[in-house]
Structure formats: structure tokens, C-alpha cells
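This report describes how parts of one protein chain are placed against each other. Please keep the sequence and the model in view while reading.

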Amino acid sequence: KMMLGHLSLEEVDEPSHIPSLFTYCMATIASNLWYYHDNPVTWVPEDVKHQLYQYLEERCLVNDAALSAFIPEQPIQDLSDNPDITDFGLFLIPKPVASQFTHLFLNDCINISDNGVGIIASKCQSLKTLALSGCNKITYKAIDYLRLHLPNLHDLDVSECQGIDDKALVSMLKSKIKILNLAECRSIKFEFEGFDSLPVNMTLKSLCLRSIPAVRDFSLGIL
């Protein structure tokens, strides 16, 4: 028997068509996440915390409170398609947990802005892969944070981010990034004078420019 706040979890034999008590408890917790944000659950065994978080993740129910209370300690984190995650939620991730991230996926987390990326850059020093596809609130400022604070970041996906423009592209090309996805970043025009200051020996190995209207032969010559 195990206690979670005011909930009791027990192993019971039930017909397969009846939701288990454990599943019922997870559904209850999911609808009251802010209670657990205000009442830390650090005493919950890691395996139970992992099951709770997996339940939320599978249903795209991860929000700021879940990041604070239930996010597991593991290097690969896929938080994609959770629109309730905000910059504040990234701030709430415990630093010992965030410092272990090597791969972080935040695709279509539409409320992540430059400030949230700045928080990632300050907390996730081991990060090698970051995916922000569809995060339209990020701009060149977010890219500057990554370039200045995450020297080990080698794989970046900012596809479909309409705030990514020429200034952001120049900042990315000056970084140590090796794999860069800019597909459908339609604000890139290849008109920024900063292209003249690009280093001769860039580390970039793979670049996706699919569905960018401004891409023409002379644009590729700039790179």
C-alpha cells in the first residue's frame, strides 16, 4: 500500500475492463496538478513518479506544475505538443534534473519564448540536441542565448519558427552547431549585412532550408 497525498494506491485484482485504482489516481492527480506544485512530492518513489509523468506525457497533459513536481531524472526529454508549458514551467524544473538533459524536444510548445530558451541555456549545460519546431515566439535573442551558453549544442531544430530571421541565422552560423533545421522559416530573407562577418571555417555539416521562399542560388553562395 502506498499513499499519494490524500490518495491511496493498492495492488488489486480487477477485471481488465475496469480501470485500475492506480489509473484512477493518476487521472485525479492530472486534474489537480497545481495542488502538487504547492505541496512538493519529493517523497514519492522514482518509479511511481515516472509512471505518473508517463501518464501525463502520453495524453499531452504536461504543464508547468508537472515539470516542477513529476519530471523524471533522465537525459532525453520529449515535451513536444504540450501547449500548457510556459517559460515559467522551464524555470520550475529542478536544476539537478535539467543539468542531466542531453536531448530536449519542445516542438509545438507554442508558449515558449526567448526567456524560456534563456532558462534552458542557463540550466541545461549538457544539452547536445534541442528541438523548438513551431515555437513562433522565439527570435534571434533565443539563438544568442544558446550560442553564448551552450557550446556543446550540436543539433538544433527551429523549423516553422516564424520569428527566426536573418539575424538569428547569422548567430546560428557563428555557433558550434553541426546540424541545423530551418525548414519553413519564412522570415529568412538573406538580406542582413551580418552575413559578411561569418567565420571562414564554420562547423555546420547539415543545413535544411526547405520551403524558404528567399532561397535562391545567390543565397546559397552567401553561405
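## Basis of the description

Helices (H or I, at least four residues) and strands (E, at least two) are DSSP runs, numbered from the N terminus. The model is a predicted one, in which local features need pLDDT of at least 70 and side-chain atom pairs count only at pLDDT 80 or more, while totals for chains, interfaces and linings use all residues. Residues are numbered from 1 along each chain as its sequence is written, and side-chain values use heavy atoms, with hydrogens and water left out.

## An aromatic pair in α5

Helix α5 (residues 87-92) contains both Phe 88 and Phe 91, which are three residues apart, about one turn of the helix. Rings of Phe, Tyr and Trp (its six-membered ring) pair if their centres lie within 6.5 Å; planes under 30 degrees apart count as stacked, over 60 as edge-to-face and the rest as tilted. By this rule there is one aromatic pair. Phe 88 and Phe 91 form this stacked pair, with 6.3 Å centre to centre and 20° between the planes.

Two packed helices are described by the angle between their axes and the distance between the axes. Axes are lines fitted to C-alpha atoms, for helices over the stretch in contact, and angles run from 0 to 180 degrees between N-to-C directions. Angles under 35 degrees count as roughly parallel, over 145 as roughly antiparallel, 65 to 115 as roughly perpendicular and the rest as oblique. Contact means heavy atoms within 4.5 Å.

Helices α7 and α8 pack at about 10°, their axes 8 Å apart, and are therefore roughly parallel to each other. In this contact, Asp 114, Val 117, Gly 118 and Ala 121 of α7 meet Lys 141, Ala 142, Tyr 145, Leu 146 and His 149 of α8. Helix α8 (residues 140-149) also packs with helix α9 (residues 166-173), at an angle of about 10° and with the axes 8 Å apart. That makes α8 roughly parallel to α9. Here the contact is made by Tyr 140, Ile 143, Asp 144 and Arg 147 of α8, together with Lys 167, Ala 168, Ser 171 and Met 172 of α9.
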